[in-house]
Amino acid sequence: MALLQSINPLLSAGWQRDAHEWRLENDTGWHLKDYEARGGYQSLRKILAAKMSPDDVIAEVKKSVLRGRGGAGFPTGLKWSFMPKAAPEKYIVCNTDEGEPGTFKDRDIQRFDPHAVIEGMIIAAYAVGAGRGYNYIHGEIYELYQRFEQALDEARAAGLIGQNILGSGLNFELFAHQGWGAYICGEETGLLESIEGKKGQPRYKPPFPANVGLYGKPTTINNTETFASIPYILRDGGDAFLNLGKPNNGGTKLFSVSGHVNRPGNFEVPMGTPFPKLLEMAGGMRGGRKLKAVIPGGSSAPVLPADIIMDCTLDYDSIAKAGSMFGSGAVIVMDETVCMVQALERLSWFYYEESCGQCTPCREGTGWLYKVIHRIEHGLGRPEDLDLLSDVSTNIMGRTICALGDAAALPVLSFTKHFRSEFEYHIEHKKCLVPRDVQKAGSTFHTRLMAGTAC
Amino acid sequence: MMLSEATLKKIDREVAKYPADQKQSAVMAALIFAQDEKGWLAHETIASVAQYLDMPEMAVFEVASFYNMYDLHPVGKYKLTVCTNLPCALSGGVHAADYLKKKLGIDFNETTPDGKFTLKEGECMGACGDAPVMLVNNKHMRCFMAPEEIDLLLEECK
Ligand SMILES: Cc1cc2nc3c(=O)[nH]c(=O)nc-3n(C[C@H](O)[C@H](O)[C@H](O)COP(=O)(O)O)c2cc1C
Ligand code: SF4
Ligand code: FES
């Protein structure tokens, strides 16, 4: 999927725009020479030539108010400043595990701008004093893992990574690590376990990775998009980045828009853009149907009904005020053909399937949630089931090692809160409020198949 | 069941990515290469990986069973994994899977009698804007899989 609007010259300017051109072999513009032609690696060169101090680099990132793009929105500069200065062995890790349903921005970054990630990681390594780094790339995009390795070769050959980078005396080795199908490895400590060659089961926190990370050493871990935002900040300044967005919500952000819109895809827009504007950029509602609900920040974020989301702007503060989460910036759009019970059933299956099983409330709770929603969807729901769902959800929340537990509970609580009548109708009448053929009309595939037309 | 020289060479390249005392970090990649070579991960294959990386067999088995894309049982020549998670389902993911089931005459987790195709249900592949999406033998992603595209794909799979 291509990007359909771009602002940041160092992140998305070279991206291909044809939404349906998905074949990787036709891609151009991701190579080192193309990235350099767009102004790539100038930030790194500037830092090294001017002998800018690591503290000044961190100060610039703090000024930009860049907040982690992986979901939690933690200020990046602050995270970097937690790294102990004296430690002899430190690591930089990039999180390209991208498995949160609805999120597909990091894939496009890896596809069209792998060098922006590399440059961001080198700058981060310089800032925190790390000598080695890994980019953890999820298994489903094996072809882009290969591309990243090619990009690393290019950077190595150009003296941008390795020993004595650009003659500055800086040493930094960078490698790609391949994931192989486990959503939980997106959780940062699960990811570190996975690089260590184990099951990707999250660790207790504290200690945080900044103190005890990869191989027990201090580690900074950031999302792909976070690293890819760094070159611009160091080239044009923290203020320039901040001013692209709004106070407390610096910069532009990639939004992955999926579901019932005419043009699903990634859109780079300033933080604080009104939601209706993004919907319009995505071509509006498919088939001109009515918007029913939006999950604004990846499947773990609470769902919002149409009237609430239409009044939101796309930034951490506005979405939080509306009762949801900005998350990864994955906007899942649902129209009136969606049965909310069925939608929730599918999400609950996902969390049940992906729970790593360490904590009893999560392992057992996700199973219960799925079982109860499944029976409601299949006409076997009981009047007490809605209370049971909220009981199980609240019993998971806050009682687990990692945030997957909460991520499984929040959709259940929000779906049953905002669309309670649909769940009640299901339980009482043993069927969907939204008739089956109406539901089918919402699927592009099905409409095409019925019309018998080629695309 | 020994691994081939070519596979071992690939594993060596992975081992070199990690600090000298952290060979175990290459286990995920080693299992991927072993699966490429053998088609699936039999017990003996897992044991050879363990031996090569100086790891306890159980530790390698734990990794092989934790991650979804390892096959601990034989699969068809072509393993097709279709994403049916919600964002894809909104744009035809489930219907694409239904279409495949009907065409191949098998359900999820089944293999056609001629051993050619295995069908799997997948979770989000980070490509929801391109729905329906599917993976062919883990390593190749296909996008916008409308019926005619699925027909083409099946023809390509010789
Ligand atoms: C279950 C779960 C899955 C996650 N998946 C991802 C992911 O795929 N990619 C990602 O960058 N962060 C993911 N995170 C968040 C990471 O734990 C971590 O906060 C993030 O990588 C930090 O980078 P950032 O500060 O740049 O956002 C996940 C968290 C949880 C609890
Ligand atoms: S909350 Fe769930 S996924 Fe997270 S560590 Fe516990 S069992 Fe594993
Ligand atoms: S939901 Fe199918 S790729 Fe994300």
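In chain A, strand 1 (residues 91-96) and strand 2 (residues 132-137) run parallel and are joined by six bridges; strands count as paired if DSSP finds at least two bridges between them. The model is predicted, so local features need pLDDT of at least 70 and side-chain atom pairs pLDDT 80 or more, while totals for chains, interfaces and linings use all residues. Residues are numbered from 1 along each chain as its sequence is written, chains are lettered from A, and side-chain values use heavy atoms, without hydrogens and water.

**Sheet of chain A**
- An open, parallel sheet is formed by four strands in the order 3-2-1-4; strands are DSSP runs (E, at least two residues) and helices are runs of H or I, at least four residues, numbered from the N terminus.
- Strand 3 (173-178) and strand 4 (219-223) are the edges, each pairing on one side only.
- From one strand to the next, the twist averages 20°.
- Within strand 2, Asn135(A) is the residue opposite Cys94(A).

**Helix on the sheet**
- Helix 5 (residues 105-112) of chain A lies across strands 1, 2 and 4, at about 115° to strand 1; axes are lines fitted to C-alpha atoms, for helices over the stretch in contact, and angles run from 0 to 180 degrees between N-to-C directions.

**Thr84(B)**
- Thr84(B) lies in the loop between strand 1 (78-83) and helix 5 (86-89) of chain B.
- Its relative accessibility is 3%, which makes Thr84(B) buried (under 20% relative accessible area; exposed is over 50%, partly exposed in between; 1.4 Å probe, protein chains only).

Key. Contact = heavy atoms within 4.5 Å.
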